[in-house]
Amino acid sequence: MLNKLLSFFSVLFLIILMLSIVHSCANMAAPTGGRYDETPPRLIRSTPTGSALNVNRKIIEIEFDENIKIEKPTEKVIITPPQLAMPVIRTVGKKAIVELEDNLLPNTTYTIDFTDAIVDNNEGNPLENFSISFSTGDQLDTLAVSGKVLTASNLEPAQGIYVGMHSNMDDTAFVKTAFERISRTDSRGRFTVKGLAPGKYKIFALDDKNRNYKYDTPQEAIAFLDSIVIPSSIPAVRQDTVFKDSVTIDTIKTVNYTRFLPDNVLLRSFSSGFQRKYFQKHERPDRKRLNILFAAPTEEPTFELLKPTSDNENWFVMEKSKENDTISLWISDSLISIQDTLIMKMNYLKTDTLNQDLMQSDTLSFNFREPRQTRKEKKEEGEKEEIRLLAVNHNVKPTHEIYSPIQLEFEHPVIDFNSSKVRLTREVDSVFSPVNFTMTNDTLNPRKYVLRHKWEPGGKYKLAIDSATVHCIYGLWNNKIEQAFSVKALDQYGNIMFQLSGLPTGKTAYVELLDKSDKPFRKVRVKNNEALIFDINPGIIYARLFIDDNEDGEWTTGDYEKKRQPEMVYYYPRAYEIRAYTDHEESWNVTEVSLDKQKPLDITKNKPEEKKRRNLNEERQRQQQQNQPGSSPFSGGIGGMGGAGSSMQRQSNPTR
């Protein structure tokens, strides 16, 4: 009996020993090592030294206390005065080296602004707002001007656009002379132009396509300030917070510093609308249609048929876009369309190298060969030929929007289509009776017609067009169209009224409702400082307002040559939810929130880059805590293993 007990305890001891070994293995952790480096590189020395005077060397060497990298040097490193020849920016171990290719200007302050491009080689800790300045003369200029650049049409932050200064007050300096001092905007549209001397300046923004730092290409986006900028500085105080860790405040320090003014310049960038006009391509997608495409809006071109020759001057029906950049010629003369090759002379405007529009003539050849798969095959004896009908598309759905007209678009241009061939009826006391409507053809598209009627909310309607009542220029007749539909009731919509303030006196203004992609879908004119918009589908909307200076009903861009700023745009600073069968009323002071903070982030496309620096030491500490005894699934001995099994079952069956 004693031997059996000894054998039992021996086995039990071995089991406990094995479990202890497994438990120890489960809690093994990597050696902690030293703390991660969380400090950015520290400047040791530079050649020339910061703020050095009478410098004549073109190679600048900056040494730090550890190995470094320079991230995106062509984007982030700003050298002013601007360099026409691209400087060489590189790193060698602990050194950042900048080699200037342009000759040094006399009596000039040079500033190399690295922004946050310098990071340490291991953890990538950035050295924020680092710059170095020196002068080729006996005086160092230290003033600065800062602010933001927004896109004028939609208040998007203008990222990566140059901001430059001219002390030359002549209006042509921006066009003919490179900037004297420059900066470049970050992801929030912010900029700081450094190294300015006391004096008066004009300030501009320029999306410099050819990198010559002057506005010599009308396709470049620009901004200009109407007023003169006079840089200055004042002593100021700020509160700096020092944290023990990512959430715990250590101390709050009062720091004296120099504030450079102005520091709130706001520039609104715009494109002039200029586009180079030129003929892009031509095609003949089928035997009866010619397509001609231009690269930009242009005047309507003229055409002359060279082959085959024809006395018929009306051999085509034209369909075109609003800006004439896309044109289709529907060939109405069968003697012409049957030809495999058409040759045509076209006169059109083309922009030359001096950005002038001149008349140009080209000879275009249109070729068409019937595809093999569409050639008619011999039909079996007694087989009837399929009747080809004129196709038509419309926007009528079983549920129709109360503010939407009916649109009809035929496959080909039609002949003599008028309202007498259309019947629109409404149900009254279970009987459908005719109602009045107007129908107009589109002035640009000869295949499109619009039917308008003041819809009765909740009304039931029928649209009908008899078969063989509409025919096209190719002899095809329409099939019967009959569509019943109901107009949405008013209780399915919401209405909103904006009570507006802060508007300039005597100016025309419009409010546009926007969807989640920042695209306008409704527009109304402001009357008596009110914008009332009816019949809005429930959901989240946004709104913007523009001042219509030229009263054309559209937002108009700026023009530097005419010294005309783009029309002002304001955004309602938050989303708004429209509820069905509800009248909403909202006060909106368009100037209460600064322009750079108005556009809701939800619909801002150019979202600012948020720099989140990883705290590697805190991450390591959390990992070590997770690996401490007690956190392992084996930490309860035999009972702990059973608990782990239960936990795994719960995870694998989350519906319990």
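Reply: Arg-544 lies in strand S41, where strands (E, at least two residues) and helices (H or I, at least four) are DSSP runs numbered from the N terminus. This is a predicted model, in which local features need pLDDT of at least 70 and side-chain atom pairs count only at pLDDT 80 or more, while totals for chains, interfaces and linings use all residues. Residues are numbered from 1 along each chain as its sequence is written, and side-chain values use heavy atoms, with hydrogens and water left out.

Me: Why is Arg-544 called buried?

Reply: Buried means under 20% relative accessible area, exposed over 50%, and partly exposed in between (1.4 Å probe, protein chains only). Arg-544 has 13% relative accessibility, so it counts as buried.

Me: What makes the approach of Arg-544 to Tyr-571 a polar contact?

Reply: A polar contact is a pair of N or O atoms within 3.5 Å; within protein, one must be able to donate a hydrogen and the other to accept it, and residues adjacent in sequence count only if both atoms are side-chain atoms. The side chains of Arg-544 and Tyr-571 make such a contact at 2.8 Å.

Me: Which salt-bridge network includes Arg-544?

Reply: A salt bridge is a side-chain nitrogen of Lys or Arg within 4 Å of a carboxyl oxygen of Asp or Glu. The structure holds 34 salt bridges. Glu-482 and Lys-480 form one of them, with their closest N and O atoms 3.9 Å apart. Through shared partners, salt bridges join Arg-544 with Glu-156, Glu-512, Asp-518, Lys-599 and Lys-605 in one network.

Me: What makes the pair Arg-423 and Asp-466 a salt bridge?

Reply: The side chains of Arg-423 and Asp-466 meet at 3.1 Å, N to O, and the limit is 4 Å, so the pair qualifies. Arg-423 belongs to strand S30 (residues 423–428) and Asp-466 to the loop between strands S34 (460–465) and S35 (471–472), so that the pair links distant parts of the chain, 43 residues apart. Arg-423 is partly exposed because its relative accessibility is 41%; Asp-466, at 33%, is therefore partly exposed as well.

Me: Which peptide bonds are cis?

Reply: Among them are the bond from Leu-261 to Pro-262, with omega near -5°, and the bond joining Lys-307 and Pro-308, with omega about -5°.

Me: What makes a group of residues a nonpolar core, and which residues have the most contacts inside the largest one?

Reply: A nonpolar core is a set of buried Ala, Val, Leu, Ile, Met, Phe, Trp, Tyr and Cys residues joined through side-chain atoms within 4.5 Å. The largest has 32 residues, and Phe-498, Leu-500, Val-511, Val-526, Leu-545 and Trp-588 have the most contacts inside it. Strand S41 supplies the largest share of this core, six residues.
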